[in-house]
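Here's a walk through one protein model, starting with how it is laid out and then moving in to a few side chains. Keep the viewer open as you read.

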Amino acid sequence: MTCWILPLIKHWICLTKYFGEKEYKHTLYINLAHRTVSDKINDFIESFNKDDLTLADKFKRYDSEFEDNEDNLIIIDEIQDSIKFYNNIRVFAEELNCDMIVTGSYLGITTMKDGFWESAG
């Protein structure tokens, strides 16, 4: 990675968080590159069909301040680190009322691997 790309990536993350703080009452930021977060998210995805909680309730379990309305934003960073999460973007878009921003620094390269499919969400 060239030395000028890393500051741009960090700047993009800061800009996205800043946008969330200024334009929404609450922003839920999830970085899938962090191992503990990734494990929690994989458990989250696995639980889709295992309990009666709504998708919004599952996000609320992850962040107690989250509410599924237009005043809330979910930022998913490094989406390429979770095939399951990436492949469920359409489900999130259909079932949630809040806005969502999804980013990934190597998304174009990673989605060409097996297991990823193009989500329309």
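Predicted model: local features only at pLDDT ≥ 70, side-chain atom pairs only at ≥ 80, totals over all residues.

A residue counts as buried here when its relative accessible area is under 20% and as exposed when that area is over 50%, with partly exposed in between.

**The overall layout**

The protein has six helices and three strands. Read from the N terminus, the elements go α-β-α-α-β-α-α-β-α. There are 121 residues in the protein, and 36% of them count as buried. The accessible surface of the protein is about 7700 Å², with 53% of it belonging to carbon and sulfur atoms. As for sequence range, take the contacts between residues at least 6 apart: 75% of them join residues at least 24 apart.

**The core**

Which residues touch the most other members of the largest nonpolar core? Of its 16 residues, those are Phe59, Phe66, Ile74, Ile76, Ile79, Phe85 and Leu96. Helix 3 makes the largest contribution, with three residues.

Leaving out residues up to four places away in sequence, Ile74 touches Leu28, Phe59, Phe66, Leu96, Cys98, Asp99, Met100 and Ile101.

Now for helix 3 itself. Its residues Leu55, Ala56, Lys58 and Phe59 are buried. Looking down the axis of helix 3, the buried residues fall within an arc of 160 degrees, so they line one face of the helix.

**The aromatic rings**

The model has three aromatic pairs. In one of them, the rings of Phe59 and Phe66 sit with their centres 5.7 Å apart and their planes at 50 degrees, so this pair is tilted. Phe59 also pairs with Phe92, this time edge-to-face, at 5.8 Å centre to centre and 70 degrees between the planes. Because Phe59 lies in helix 3 and Phe92 in helix 5, the pair ties together parts that are 33 residues apart in sequence. Phe59, Phe66 and Phe92 form one aromatic cluster.

How buried are the two partners of the edge-to-face pair? Phe59 has a relative accessible area of 1%, and Phe92 comes in at 2%, so it counts as buried as well.

**A salt bridge**

How many salt bridges does the count come to? One. It joins the side chains of Asp71 and Lys25, at 3.7 Å from N to O. The two residues sit in distant parts of the chain, 46 residues apart: Asp71 is in the loop between helix 3 and strand 2, while Lys25 is in the loop between helix 1 (5-23) and strand 1. Asp71 is partly exposed, whereas Lys25 is exposed.

| Residue | Relative accessible area | Class |
|---|---|---|
| Lys25 | 72% | exposed |
| Asp71 | 28% | partly exposed |
| Met100 | 27% | partly exposed |
| His26 | 14% | buried |
| Glu78 | 12% | buried |

Met100 belongs to strand 3 (residues 99-102). Setting aside neighbours within four places in sequence, Met100 is in contact with Phe59, Leu73, Ile74, Ile76 and Phe92, two of which, Phe59 and Phe92, are in the aromatic cluster. Met100 and Leu73 are 27 residues apart in sequence, yet their C-alpha atoms are 5.6 Å apart in space.

His26 is in strand 1. Not counting residues up to four places away, His26 touches Asp63, Glu65, Phe66, Asp71, Asn72 and Leu73. Among these, Asp71 is the acidic partner in the salt bridge with Lys25.

Finally, have a look at the backbone of Glu78. Its phi is near 60 degrees, a positive value in a residue other than glycine. Glu78 is found in the loop between strand 2 and helix 4, and at 12% relative accessibility Glu78 counts as buried.

Definitions and conventions. Residues numbered from 1 in each chain as written. Heavy atoms only, no water. Core = buried A, V, L, I, M, F, W, Y, C linked by side-chain atoms within 4.5 Å. Buried < 20%, exposed > 50% of the residue type's maximum accessible area, 1.4 Å probe, protein only. Helix = DSSP H or I, 4+ residues; strand = E, 2+ residues; numbered from the N terminus. Contact = heavy atoms within 4.5 Å. Arc of directions from axis to C-beta. Areas by Shrake-Rupley, 256 points an atom, 1.4 Å probe, with all protein chains shown as cover. Salt bridge = Lys/Arg side-chain N within 4 Å of Asp/Glu carboxyl O. Phe/Tyr/Trp six-rings, centres within 6.5 Å; stacked < 30°, edge-to-face > 60°.
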